[in-house]
Amino acid sequence: MKDKVAVITGAASGIGLAIAKTFAQGGAKIVIADLDCDGGERAKDEIEKLGASAIFAKTDVSQAEDVRQLVAATIKSYGRLDVLVNNAGIQYIAPVMEFPEDRWDSLIGVILTGTFLCSKYALPHMIENKWGRIINIGSIHSKVASPFKSAYIAAKHGVLGLTRATALEVAAYNITVNAICPTYVRTPLVEKQIAEQAQRHGITAEEVITKIMTEPALIKRLLEPSEVASLALYLCSPAAAGITGAALDIDLGWTAR
Ligand SMILES: NC(=O)c1ccc[n+]([C@@H]2O[C@H](COP(=O)([O-])OP(=O)(O)OC[C@H]3O[C@@H](n4cnc5c(N)ncnc54)[C@H](O)[C@@H]3O)[C@@H](O)[C@H]2O)c1
């Protein structure tokens, strides 16, 4: 990653922050793209403490003008754009019949349209350098469904299709495009869900993880953000140069049956 410039969306928190720190430790310059200004500035400080260079660009990935400005800020600061991680995501849970239409639009907007817009505006700079890596953070829900998450599942399935379509178009420029499909990862969002479910069902946090959240998984634990970050780092390495259009499962065996 030495001197590579990596744009990571949703890098103020959770998986995105872990990827940003892992890339920074590998020598990359980091562009944190997030809606959350306080979290974005905190992430920038954390990365600078690791001895790496970082900028924060307030961005709503679902808005084309914001994404154009993000890419312009990256080029202005660092003169190049090598790696894009489309990680920003949101969730909303409701049955299809009760799913609010504005929530549907915002979920598809952030996860699917956001991935499209960031790829669209980042790619010309990768093509210019004849090298690039796009990593889309999918989910087990890119491949299988769970009830009450229709918009999230539709968007994450869409991300897989977009990953493959983009991979086909840019392979000739030495650009790979892949998706990472994790199961539950220990992020602030998931910790909150665990606490809520423990209270609702009158069970311990550990029981929520082993009996409810990871029930279909073969290995009964949560993933750590660093495990997803290591896979993202691998996809940027020379060893992974032959992997494109792929959806890499890191799901504790969830989708094995
Ligand atoms: N945590 C899990 O269990 C899990 C599992 C599989 C996939 N994922 C995926 O990983 C990604 C990161 O999830 P996380 O758990 O780290 O979540 P998180 O909530 O900790 O972080 C998401 C970040 O995205 C930012 N964001 C939200 N909307 C945005 C927008 N419109 N523009 C820019 N930034 C925006 C938020 O401010 C936040 O910093 C998501 O795409 C999520 O779907 C998470």
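Predicted model: local features only at pLDDT ≥ 70, side-chain atom pairs only at ≥ 80, totals over all residues.
## Helices around the ligand

Helices here are DSSP runs of H or I with at least four residues, numbered from the N terminus. Three helices each contribute at least two residues to the shell around the ligand: H1 (14-25), H5 (150-170) and H6 (188-201).

The shell also draws on two domains, with at least three residues coming from each of domain 1 (5-182 + 224-248) and domain 2 (185-222).

## Who surrounds it

There are 28 residues around the ligand, and those that come nearest are Ser13, Asp34, Asn87, Tyr152 and Val185. Sorted by class, the shell holds 14 nonpolar residues, 10 polar ones and four charged ones.

The side chain of Tyr152 places an N or O atom 2.6 Å from an oxygen atom of the ligand. For Lys156, a polar side-chain atom is 2.9 Å from an oxygen atom of the ligand. At Val61 the backbone takes part: one of its polar atoms is 3.1 Å from a nitrogen atom of the ligand.

## Burial and pocket

How much of the ligand does the protein bury? On its own the ligand exposes 830 Å², and the protein buries 90% of that. As for location, the ligand sits in the largest pocket.

Key: Residues numbered from 1 in each chain as written. Heavy atoms only, no water. Near = heavy atom within 4 Å. Polar contact = N/O pair within 3.5 Å; in protein donor to acceptor, adjacent residues only side chain to side chain. Areas by Shrake-Rupley, 256 points an atom, 1.4 Å probe, with all protein chains shown as cover. 1 Å grid on protein atoms, 1.4 Å probe; cavity = no way out; pocket = protein on both sides within 12 Å on 5 of 7 lines; lining within 4 Å. Sits in = over half its atoms within 2 Å of the grid points. Nonpolar A, V, L, I, M, F, W, Y, C, P; charged D, E, K, R; others polar. Domains from an automatic or database assignment.
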